[in-house]
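Here are my notes on the model you sent. Please read them with the structure open beside you.

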Amino acid sequence: MIDSHDVRRIAMALPETVEKEAWSMPTFRVAGKMYITVPDDETSIAVRCPRHERAELIAAEPEKFWVPPHEAGSSWVRVRLAALEDLGELRDIIVDSWRQAAPERLLDADADA
């Protein structure tokens with residue numbers, strides 16, 4: 001089963017990622033910008049997601065994605081780890097979030113991230 005250890009391993013393999021505790025939970029950042037949070041129960045993660053894409057994503061796979069009411073105005077979406085198909089899907093989600101936060105110089109230098 002996919003868990004927070006898998007999240008940490010994948011995130012820390014991405015260029016210039018650092019882990020920092022905030023709000024009593026692990027967060028992962030690139031160039032000072034947060035791109036993953038791991039809430040207390042560690043059964044889900046929050047990742048960056050443009051708001052215009054979020055509703056479609058949630059409608060297509062509500063068992064995987066949702067937004068808590070207190071995050072409705074943000075550009076983040078929650079991901080249920082147990083609902084993911086495999087580590088490849090988790091990696092794709094994490095890399096997409098990383099790309100939204102990473103500076104151009106990292107995207108240009110590591111197009112395969």
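1. A definition to begin with: two strands pair if DSSP finds at least two bridges between them. Keep in mind too that this is a predicted model. With that rule, S3 and S4 pair in the antiparallel sense, over 2 bridges. Within this pair, Ile36 stands opposite Val47 in S4.

2. The sheet as a whole. It is open and has 6 strands, in the order S1-S2-S3-S4-S6-S5, with antiparallel pairing. Strand S1 (17-22) and S5 stand at the edges. Each has a single partner strand, so one side of each is left without a neighbour in the sheet.

3. The S1 and S2 hairpin. These strands pair in the antiparallel sense over 6 bridges. Glu21 stands opposite Pro26 in S2. The hairpin has 2 residues between the strands, and Trp23 takes a positive phi near 55° there.

4. The S2 and S3 hairpin. Here the antiparallel pairing runs over 4 bridges. Arg29 has Met34 in S3 as its bridge partner. This hairpin also has 2 residues between the strands. Ala31 takes a positive phi near 50° in it.

5. Which way do the residues of S2 point, and are they buried or exposed? In a regular strand the side chains alternate between the two faces of the sheet. In S2, Met25, Thr27 and Arg29 point one way, while Pro26, Phe28 and Val30 point the other way. All are buried. The strand is mostly covered, with 6 of its 6 residues buried.

6. Strand S6 and its partners. S4 and S6 pair in the antiparallel sense over 5 bridges. On the other pairing, 2 bridges join strand S5 (residues 65-66) to S6, and these also run antiparallel. The bridge partner of Phe65 in S6 is Val79. Of the 5 residues of S6, 4 are buried, so the strand is largely enclosed by the rest of the structure.

7. Ser44 deserves a look. This residue is found in strand S4 and stands opposite Arg80 in S6. Ser44 is buried, because its relative accessible area is 3% and the cut-off for buried is under 20%. Leaving aside neighbours within four places in sequence, Ser44 is in contact with Val38, Pro39, Trp66, Arg78, Val79, Arg80 and Leu81.

8. The largest nonpolar core. It holds 27 residues. Val7, Tyr35, Ile36, Ile45, Leu90, Ile94 and Trp98 touch the most other members. The elements that give two or more residues are helix H1 (4-12), strand S2 (25-30), strand S3 (33-37), strand S4 (44-48), strand S6 (76-80), helix H3 (87-101) and helix H4 (104-109). H3 gives the most to this core, with 6 residues.

9. Which residues does Ile45 touch? Residues up to four places away in sequence are not counted. The list is Val7, Ile36, Thr37, Val38, Pro39, Val77, Arg78, Val79, Leu81, Leu90 and Ile94. Among them, Val7, Ile36, Leu90 and Ile94 are also named with Ile45 as touching the most other members of the core.

10. The largest pocket. About 150 Å³ of space lies in it. The lining has 13 residues, of which Cys49, Leu57, Phe65, Ile93 and Asp96 lie nearest the centre. S4, helix H2 (51-60), S6 and H3 each give two or more residues to this lining. H3 gives the most, with 5 residues. By type, the lining divides into 7 nonpolar, 2 polar and 4 charged residues.

11. Arg91. This residue lies in helix H3. Arg91 is partly exposed, with a relative accessible area of 36%. Arg91 and Ala11 are 80 residues apart in sequence, yet 8.3 Å apart in space, C-alpha to C-alpha.

12. Val67. This residue is found in the loop between S5 and S6. Val67 counts as partly exposed, at 22% relative accessibility. Not counting residues up to four places away in sequence, Val67 touches Arg54, Ile58, Ala72, Trp76 and Val77. Val67 and Asp3 are 64 residues apart along the chain, and 19 Å separates their C-alpha atoms.

Methods:
Residues numbered from 1 in each chain as written. Predicted model: local features only at pLDDT ≥ 70, side-chain atom pairs only at ≥ 80, totals over all residues. Heavy atoms only, no water. Core = buried A, V, L, I, M, F, W, Y, C linked by side-chain atoms within 4.5 Å. Buried < 20%, exposed > 50% of the residue type's maximum accessible area, 1.4 Å probe, protein only. Contact = heavy atoms within 4.5 Å. 1 Å grid on protein atoms, 1.4 Å probe; cavity = no way out; pocket = protein on both sides within 12 Å on 5 of 7 lines; lining within 4 Å. Points joined across faces, edges and corners; volume = space filled by probe spheres on them. Nonpolar A, V, L, I, M, F, W, Y, C, P; charged D, E, K, R; others polar.
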